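Please keep the sequence and the coordinates at hand while reading.

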Amino acid sequence: MNQQLLRKLPKVDELLRAPAVEALRGEHPEQTVTDAVRKVIGNLRQGILNGQIDALPDQETLFAQIAGQIRSDVRPSMRTVINGTGIVLHTNLGRACLSEKAAQAASDAARRYSTLEYNVSTGGRGLRYSHVEELICRLTGAESALVVNNNAAAVLLVLSSMTTGGQVPVSRGELVEIGGSFRVPDIMEACGAQLKEVGTTNKTHLFDYERAICPETKALMKVHTSNYRIVGFTEKPTLAEMVELGHKYNLPVIEDLGSGSLVNLEQFGLHDEPTVQDSIRAGVDVVSFSGDKLLGGPQAGIIIGKKQYVDKMKKHPLTRAMRVDKMTLAALESTLRSYDNGTWSDIPTMAMLSASADELKEKAGILCDQLNQAGIPAQLAAVEGQVGGGSVPTQTIPSWAVALEGAVEALEEKLRLGETAIVGRIHNDRYLLDARTLWVEDFPTIVRAVKEALA
Ligand SMILES: *Cc1c(COP(=O)(O)O)cnc(C)c1O
């Protein structure tokens, strides 16, 4: 039976000569069409061999499969996703969305020549980092700043330039692993420094750090436990206390702040996320944080602190290997200017995090109405969202979603695989699209996709 079917499989050459496929060759490169035909035949052969196919499709279906294969092969792999998860900083979906202005600045930098390393006043060479350094210093209160590719690179550079060949005490409770094998102990080793664990998982006292200080100690380090919290019977010294201790022994204090918000998130009901300004005010010598977490800008690692340390980093050979490109710098400058001129609510991350439950209910209501008008029985649902991106890990934020019932697994898959991928979540047998991370202008697309998926 299988052998018979396999013998009946059309040949690649035959299919390529069929008029319907011939027409596709007028629209796409030869190789694209040939590859698609091979893939479709290959899939059929595989299906026959593992018993999933017991009859060959008719010509029309076969041609449709080839056309579909071509469509999927030529469309961009990186494309827009409609984020209905409610997770504002979704690392898999690209973390922070840039503001219109920042995206425009990146686009201009990409398409046109720029002042990247050119000083228009002198007509001579300018400095790549000058576009953002002053702004960062003004916003954070730091003396000096440097921007690299991401915060992982920033930590690597900080440790490499300040601690190589020495010891660095870090609290046991702060030996963080961030996704993608970024672990504090491994980074330390890669920088040629020796990590000295101090304290216990739940409690680390100032005297634990003090006892660990020896002639080999190069710095004290604090790592923000951005993606987890140790709660209950816990204790750790304040930043100011660590700074006092460090300086008593002539040691710099460095901090990996992770998210690094410039705005106090308490005002949105989000607790325990320190601001960058807090760290500088406490006297920390060098602080690093991400550009695309709570800051809401492009992927970048921002290093700020005392001039003597940052100057050394600027000359470090690693810096050139970690440098940011012009699009990143343009987007970062624009994002920082929004903070500087008080328009940071234009930054999508901030707008999403500051949206109140009432506003979100109204937004979800608009989508719900549009779905209902299209004959789809959607309902409003109160849900709990997350910040994501390893920020504010223990807290959920009240939000509103549109809920769909029925064959939710199939619905989830169809929406995910659709022309524009829609990513929602299933909770208690309901398919949920959280209004917090949705764009109102995407609602017609969502309605169309849901209608098609349910048809
Ligand atoms: C996210 C994070 C990092 C890594 O930052 P990237 O910008 O993703 O490279 C490092 N340390 C902490 C504490 C973090 O939260």
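**A guided reading of the model**

Leaving aside neighbours within four places in sequence, Ile303 is in contact with Ser144, Ala145, Leu146, Val148, Ala154, Leu157, Val158, Val286, Val287, Ser288 and Met313, where contact means heavy atoms within 4.5 Å. Ile303 also belongs to the largest nonpolar core, which has 80 residues; those with the most contacts inside this core are Val147, Met221, Ile303, Ile304, Met313 and Leu336. A nonpolar core is here a set of buried Ala, Val, Leu, Ile, Met, Phe, Trp, Tyr and Cys residues joined through side-chain atoms within 4.5 Å. Buried stands for under 20% relative accessible area, exposed for over 50%, and partly exposed for values in between, with a 1.4 Å probe and protein chains only. Helix 8 (residues 151-162) supplies the largest share of this core, 7 residues. Apart from this core lies another, of 25 residues, with Cys368, Leu411, Leu433 and Val450 among them. In soluble globular proteins, nonpolar side chains tend to be buried together.

The model is a predicted one: local features need pLDDT of at least 70, side-chain atom pairs count only at pLDDT 80 or more, and totals for chains, interfaces and linings use all residues. Residues are numbered from 1 along each chain as its sequence is written, and side-chain values use heavy atoms, with hydrogens and water left out.

The overall dimensions come next. The C-alpha trace of the protein spans about 85 × 50 × 50 Å along its principal axes. Its secondary structure comes to 19 helices and 17 strands; helices (H or I, at least four residues) and strands (E, at least two) are DSSP runs, numbered from the N terminus. Of the 455 residues, 48% count as buried. Among contacts between residues at least 6 apart in sequence, 75% join residues at least 24 apart. The protein exposes about 22500 Å², of which carbon and sulfur atoms supply 50%; the accessible areas come from the Shrake-Rupley method with a 1.4 Å probe, and for residues only the protein chains shown count as cover.

Gly141 follows helix 7 and has a positive phi, near 85°.

Helix 15 (residues 326-340) contains Ser334. With a relative accessible area of 13%, Ser334 is buried. Not counting residues up to four places away in sequence, Ser334 touches Lys101, Ala102 and Ala105. The C-alpha atoms of Ser334 and Ser99 lie 8.6 Å apart in space, although 235 residues separate the two in sequence.

Glu174 is found in the loop between strand 5 (167-171) and strand 6 (177-178). Is Glu174 buried or exposed? Glu174 counts as buried because its relative accessibility is 3%. Its side chain makes a polar contact with the side chain of Lys222, at 2.7 Å. A polar contact is a pair of N or O atoms within 3.5 Å; within protein, one must be able to donate a hydrogen and the other to accept it, and residues adjacent in sequence count only if both atoms are side-chain atoms. Beyond four places in sequence, Glu174 touches Val184, Tyr209, Met221, Lys222, Val223, Thr225, Tyr228 and Lys236.

The charged end of Lys203 sits over the ring of Phe233, 3.7 Å from its centre; the criterion is NZ of Lys or CZ of Arg within 6 Å of the ring centre and within 35 degrees of the ring normal.

Phi of Asn428 is near 50°, a positive value in a residue other than glycine, and Asp429, not a glycine, has a positive phi of about 65°. Asn428 counts as exposed at 64% relative accessibility, and Asp429 counts as exposed at 63%. In helix 17 (residues 357-373), Glu362 is exposed, with a relative accessible area of 58%. The C-alpha atoms of Glu362 and Ala435, 73 residues apart along the chain, are separated by 9.0 Å.
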